[in-house]
Amino acid sequence: MTKFEEIRENLRGELAELNRIISESLRSDNALMEHIVREFLKSKGKQIRPILSILTGRLFGGNTDTIIKAAASIELLHNASLIHDDVIDESAERRGRPTINRTWDNHIAVLVGDFFVSSALICAVTSGEPRVIQVMANRARMLSLGEISQLDNTRKHFVSEQSYYDTIRCKTAALFCSCVEVGGYAANADEERLARIVKYAELFGLCFQIKDDIFDYYNDPVIGKPTGNDLREGKRTLPLIHVLANDNAPGVDEMRALSEKSHLNADEIDTLIRYAKDNGGIEYAEQKMYELRDEAFAILDEFDSTSEIQAFKDLFSFVIERNV
């Protein structure tokens with residue numbers, strides 16, 4: 001059993017209750033909505049985000065019922081963002097299953113995503129903690145800004161390493177911060193100690209997205225994401241950003257010009273992927289993940305050693321080592 005599987009096993013009761021609450025929150029009298037939701041929930045993913053919420057609540061000794069409702073609201077918001085992302089990216093598959101927009105259409109997918117958002121807010125209200133609702137609203141706003149920033153960078157054909165981090169901080173890391181915030185608020189955690197866990201979560205989220213972006217440089221059917229999909233959509237990620245910023249790299253001017261084309265064919269995408277690999281882009285991105293991990297572990301080492309703190313460390317290591 002892997003460390004991640006051990007964490008899930010230790011939280012089996014809480015996760016079962018979480019999934020019950022999610023299912024209940026999404027019930028409706030509309031037959032089509034019921035069918036789509038039921039099919040969507042057949043694949044729940046790893047549920048790392050609610051795991052972070054529950055671990056944070058445990059760390060600060062909160063009421064389990066309140067914590068799980070707060071965690072469920074975050075997971076609902078996360079799923080809403082996935083549904084909307086699939087529309088934006090025109091994705092045909094998610095977690096090994098056809099996307100809602102592929103099975104039905106964009107119109108229905110957007111409405112289902114909106115239904116998840118409203119259900120998330122209702123679930124947050126049932127937690128009885130007003131700060132959970134505030135976190136939800138703020139993070140929904142940041143998710144939108146992150147997507148807009150990414151689209152804007154795509155149109156400009158220029159992405160610095162700093163703008164990349166700014167985008168993924170809003171698009172990905174902010175939601176992980178929300179996970180630990182709602183868990184801490186549900187447990188009425190000390191603000192100073194919670195702020196440190198929130199910083200850990202931000203570093204975790206940045207690392208999570210870098211790893212996800214590295215996947216795009218490899219053809220692995222297990223991942224279920226086409227190689228070069230980001231480049232196909234005009235998105236530059238850290239491995240390529242790094243090598244294109246190196247004025248001394250061989251052929252860099254040609255590769256910069258190629259990366260700025262409005263539409264890339266399969267051969268051109270392969271060329272850019274090989275260039276990033278051959279010039280140390282993957283190694284650089286991996287180095288950044290380990291730097292983020294070391295910074296996060298230094299924060300966790302300020303806390304007493306508990307099973308929750310160890311789980312936070314194990315989750316971070318899992319993100320770096322994961323294959324999917």
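I began with the largest cavity, which holds about 70 Å³ of space. This is a predicted model, where local features need pLDDT of at least 70 and side-chain atom pairs count only at pLDDT 80 or more, while totals for chains, interfaces and linings use all residues. Residues are numbered from 1 along each chain as its sequence is written, and side-chain values use heavy atoms, with hydrogens and water left out.

**Cavity**

I noted the rule for voids. The grid has a 1 Å step over the protein atoms alone; a cavity is a set of points where a 1.4 Å probe fits but cannot get out. A pocket is an open set with protein on both sides within 12 Å along at least five of seven lines, and lining residues have an atom within 4 Å of a point. Points are joined across faces, edges and corners, and a volume is the space filled by probe spheres set on the points.

By this rule I count one cavity of 30 Å³ or more. The lining of the largest cavity is Asn19, Ile22, Ser23, Phe40, Leu41, Ser43, Lys44, Gln47, Glu75, Asn79 and Arg95. Two elements give two or more residues to this lining: α2 (12–25) and α5 (64–89). Helices (H or I, at least four residues) and strands (E, at least two) are DSSP runs, numbered from the N terminus. α2 gives the most, with three residues. By class I get three nonpolar, five polar and three charged. Here Ala, Val, Leu, Ile, Met, Phe, Trp, Tyr, Cys and Pro are nonpolar, Asp, Glu, Lys and Arg are charged, and the others, Gly among them, are polar.

**Glutamine 47**

I then looked up glutamine 47, a residue of the cavity lining. Glutamine 47 sits in the loop between α3 and α4. Its relative accessibility is 5%, so it counts as buried (buried is under 20% relative accessible area, exposed over 50%, partly exposed in between; 1.4 Å probe, protein chains only). Leaving out residues up to four places away in sequence, glutamine 47 touches Arg8, Leu15, Leu18, Asn19 and Glu75 (contact is heavy atoms within 4.5 Å).

**Second largest pocket**

The second largest pocket has a volume of about 280 Å³. It is lined by 17 residues, and Glu39, Phe40, Pro98, Thr99 and Ile100 are the closest to its centre. α3 (31–40), α5, β2 (97–98) and α6 (100–103) each give two or more residues to the lining. α3 gives the most, with four residues. I sorted the lining into seven nonpolar, five polar and five charged residues.

Serine 28 is in the loop between α2 and α3. It is partly exposed, because its relative accessible area is 24%. I listed its contacts beyond four places in sequence: Met33, Glu34 and Phe115.

Glycine 128 is in the loop between α7 (106–126) and α8 (130–156). Its relative accessibility is 61%, so glycine 128 counts as exposed. From glycine 128 to lysine 261 I read 51 Å, C-alpha to C-alpha, across 133 residues of sequence.

**Helices α4 and α9**

Last, I checked α4 (residues 48–59) against α9 (residues 161–186): they pack at about 35°, with axes 7 Å apart. Axes are lines fitted to C-alpha atoms, for helices over the stretch in contact, and angles run from 0 to 180 degrees between N-to-C directions. The residues of this contact divide into seven nonpolar, five polar and one charged.
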